[in-house]
Number of protein chains: 2
Amino acid sequence: MPLQFATRLDNVETSAIRELFKLLGKPGIISFAGGFPDSAMFDVEGLREASQAALRDEPGGALQYGATEGYDPLRAQLAGFMKSKGVRDIDPQGLIVTTGSQQALDLLGKTMISPGDKVIVEGPTFLATIQCFRLYGADLVSAPIDADGVQVDRLEELIRAHKPKFVYLIPTFGNPSGALLNLERRRRILDLAVKYQTLIVEDDPYGDLYFGEAPPPSILALSADVPGSREWIAHCGSMSKVLSPGLRVGWMVAQPELLAKATMCKQFSDAHTSTFAQATAAQYLKSGRMPATLANVRRVYAERAATMGRALKRELGDAIEFTQPQGGLFFWARLTGAGGRVKDAGEFAKRAIEKGVAFVPGAPFYAKDADPSTLRLSFATADVAKIEEGVGRLGEAVK
Amino acid sequence: MPLQFATRLDNVETSAIRELFKLLGKPGIISFAGGFPDSAMFDVEGLREASQAALRDEPGGALQYGATEGYDPLRAQLAGFMKSKGVRDIDPQGLIVTTGSQQALDLLGKTMISPGDKVIVEGPTFLATIQCFRLYGADLVSAPIDADGVQVDRLEELIRAHKPKFVYLIPTFGNPSGALLNLERRRRILDLAVKYQTLIVEDDPYGDLYFGEAPPPSILALSADVPGSREWIAHCGSMSKVLSPGLRVGWMVAQPELLAKATMCKQFSDAHTSTFAQATAAQYLKSGRMPATLANVRRVYAERAATMGRALKRELGDAIEFTQPQGGLFFWARLTGAGGRVKDAGEFAKRAIEKGVAFVPGAPFYAKDADPSTLRLSFATADVAKIEEGVGRLGEAVK
């Protein structure tokens, strides 16, 4: 008799992307498939100093069990960081530290979702969010987006029709969409939160990675202008894209009752986030190196994004359409099939691998009603020369 | 309208222990209440060197996203560590790294427990296990224990009656019981696993903390002698009690299908355990300092345990009964009420706090049928002089 697993596992499938990733080991492949930052940009020296300072200044705190809510010096630094990004009314007790922002999503699922509950997500949205919420039994509803983010009129209809447990958005340089929710829509979403008393989850791992002018303030920051809205906003932040994913340091801002329940759930998930990683992150933020680190990653990714955009236009022409991203890590594109060229992104991905370049087809990013002509291209980990060469190969594959 | 939380939260209550812990801040309190190791024994210098080596030798690996299964050099070190403890048939792919062994419990719950499923635990058992499994909807059944661990005849009856999804045991120096499952019972449990095709979860955070001769081999190690039993054993290990809880590095050994499902669940729980912490732990194990560290903590805790045992006999006499622990962090004791003295551990805890000493009443450690006369005393974090003084205060409080 084999093991009988929990019924919740029936709600998730092994990812199509996983199969693709196995092919990435092929020698000479240029990969636009990943969703991670470039290791070459990590401030190793700054993190080395920060970890040393953590062990020197408070070895007990950095190595012992810690509070489930997070290491207090880090909570203080993170509150300061959020303030520097326009969130006026925040104190260290207003957030908890999570083991990456992935854990914030898991805690939201554990805390909020009963089997069968509706949750609205963007179509497309982050793949691991879809699976994470489904493991808790969520019935996902997909809200359409465009280059300005989620379409708010449609979102309102869906909230009215489905009375969701919450709405999950990546408003700033979304994954995979790269879309940037505009200011007017952000304000309207805050109105919807209050009008329908619906929790809005703002996942914001990419907001610091802008290339030109800064994006509009986060929904959390804007909530100060909309009376009664703050209690309906949960905001997830992360050090992963700007400092180091390996630390697994994320955080969640929410109203006190939700934070208390999430903390209780976290106690039984992993007790607390690594205090060594938390103390290292706290020392890093305290060291004052963060602004220069952010300026550096913005500059490098901006150059790569510009290169990829130019190359895509030149090499693929009207076979593809996309909006040039203003930040984040991704291009989101649609194959047009113009001139009888390939229109199915799965088929295109196979041909591209044969030519020595990889990307991720867009279909798995949809909870429902996938568009099979979409694809995601990351410009984060290949340098400018590799981007030119890789997009050249895409140009060959699309023919 | 307030937020509507998930129904699974109805299965857990806020812990009585939490309320007690708030009193521990009182000045001058000597605490036997904690469940953590002594920070003063952390090998800070060894961990400092290990973290430096991690950032020097492979900064990308230590700071970038990593495989959900764990950082390969750490998996190799942990497989070697398990081999050194008598587990013959293990390779690095036979285990996954977890964010502390608490996460291994969470992943077992997520992977195995459907709402309403029966799970057998020891009575008493680790408090956070009870709550962790209940969050996944487990209906817990409590198997009685004595100083030699779980009573196997009773366990067999319960397995037959309840057909549990799995049996959860802390066989070696249990928390809170301090009990040591004897060799004969370990062998019988392996027979039961095969006979009833029932998964046995062996949680083993304390096995390295023995004071005299080494305890019997783990159930996992013994499974090599019982054909067909290995696939029914899941074993959870931890660096928390011997090296540092703050790293949050634990691991789980299990059959491939269970590991694969747990890995999928972990992907959506926290993506992976901090690679920085994993690389640090890997370098530490590689450095060869672990045997000396283990010898040191064994020596210090042995002395403290001996001191506490002598002092309890001298100061509380026949008001209390207990078995002297042969390892771990805890005394488990029962108030006898002899001579009309206090018999309720909750009442005793209140009086003890007034006298300036804290411990944890035993009742919350039972999933069912709590014995209100029991209590747990940790000897790990107070030095010998404090133990003498604290137990003296207990002697006053028991009168």
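In helix 2 of chain B, the residues B:L47, B:A50, B:S51, B:A54 and B:L55 are buried (a residue is buried if 20 or more other C-beta atoms lie within 10 Å of its own, exposed if 12 or fewer, and partly exposed in between, with C-beta atoms placed from the backbone). Seen down the axis of helix 2 of chain B, these buried residues fall within an arc of 130°, so they line one face of the helix; the arc is that of the directions from the helix axis to the C-beta atoms. An α-helix has 3.6 residues a turn, so residues three or four places apart point the same way. On the other side of helix 2 of chain B, B:E45 and B:R56 are exposed.

The structure is a predicted model, in which local features need pLDDT of at least 70 and side-chain atom pairs count only at pLDDT 80 or more, while totals for chains, interfaces and linings use all residues. Residues are numbered from 1 along each chain as its sequence is written, and chains are lettered from A and ligands numbered from 1 in the order in which they are written.

Helices (H or I, at least four residues) and strands (E, at least two) are DSSP runs, numbered from the N terminus. Helix 2 of chain B (residues 44-57) has 14 residues and reaches 20 Å from its first C-alpha to its last, close to the 20 Å expected at 1.5 Å a residue; the expected span is 1.5 Å times one less than the number of residues. The cover over the buried residues of helix 2 of chain B includes helix 2 (44-57) and helix 3 (59-63) of chain A, together with helix 3 (59-63) and helix 11 (275-287) of chain B.

Between the chains, 56 residues of chain A are in contact with 56 residues of chain B, contact requiring C-beta atoms, placed from the backbone, within 7 Å. Helix 2, helix 3, helix 5 (100-112), helix 6 (127-135), helix 10 (256-269) and helix 11 (275-287) of chain A each supply at least two residues of the side that touches chain B. Of the interface residues of chain A, 100% are also interface residues in chain B, so the copies meet through the same surface.

Notes:
Two residues are in contact if their C-beta atoms, placed from the backbone, lie within 7 Å.
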